[in-house]
Amino acid sequence: MSELDIGLVVPAWFVALLECKIGNPKARRDMVLKAAKLTAEMAVGKGIVDMVGGNAEETVEAAVRLGEEMFKRKWDGQVYAKNRMVILGKVLDKLGI
């Protein structure tokens, strides 16, 4: 169910999050202003998510594999977290963080 379906105005922080997560302006407009419903495969096609699993178990397994790959590269978790904060900076600003 979308915000339009329930009569909710989208908060500024959520719009900032959508801008960070969904690079394609048309995809964002369709989701917010047309209440477009997407399947997982459609979300992959629009670049909203990187991959999907066939079920919840496969999705968790893929996420664990990704975490293991990051660990093998000896990435610093603090650096990763700070980079995510930079990427999501607009969201944090809208939330006053």
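Which residues make a nonpolar surface patch of about 320 Å²? Select Trp13, Leu95 and Ile97, and you have it. (Patch members have over 30% relative accessible area and no salt bridge, and nonpolar side chains are joined within 5 Å; a salt bridge puts a side-chain nitrogen of Lys or Arg within 4 Å of a carboxyl oxygen of Asp or Glu.)

Before moving on: this is a predicted model, where local features need pLDDT of at least 70 and side-chain atom pairs count only at pLDDT 80 or more, while totals for chains, interfaces and linings use all residues. Residues are numbered from 1 along each chain, and side-chain values use heavy atoms, without hydrogens and water.

Stay on Ile97, in the segment after helix H7 (89-94). (Helices are DSSP runs of H or I, at least four residues, numbered from the N terminus.) Ile97 counts as exposed because its relative accessible area is 68% (exposed is over 50%, buried under 20%, with a 1.4 Å probe and protein chains only).

Now pick Gly89, in helix H7 itself. At 18%, Gly89 is buried.

Next, jump to Asp30 in helix H3 (residues 25-33). Its relative accessibility is 13%, so Asp30 is buried too. Beyond neighbours within four places in sequence, Asp30 touches Ala35 and Ala36 (contact means heavy atoms within 4.5 Å).

Last stop: Ile48, Val49, Asp50, Met51 and Leu66, which lie nearest the centre of the largest pocket, out of 15 lining residues. Colour helix H5 (56-72); H5 gives the most to this lining, with five residues.

How values were computed:
Helices (H or I, at least four residues) and strands (E, at least two) are DSSP runs, numbered from the N terminus. Patches are made of residues with over 30% relative accessible area and no salt bridge: like charges are joined within 9 Å, nonpolar side chains (Val, Leu, Ile, Met, Phe, Trp, Tyr) within 5 Å. Accessible areas come from the Shrake-Rupley method with a 1.4 Å probe; for residues, only the protein chains shown count as cover. On a 1 Å grid over the protein atoms alone, a cavity is a set of points where a 1.4 Å probe fits but cannot get out, and a pocket is an open set with protein on both sides within 12 Å along at least five of seven lines; lining residues have an atom within 4 Å of a point.
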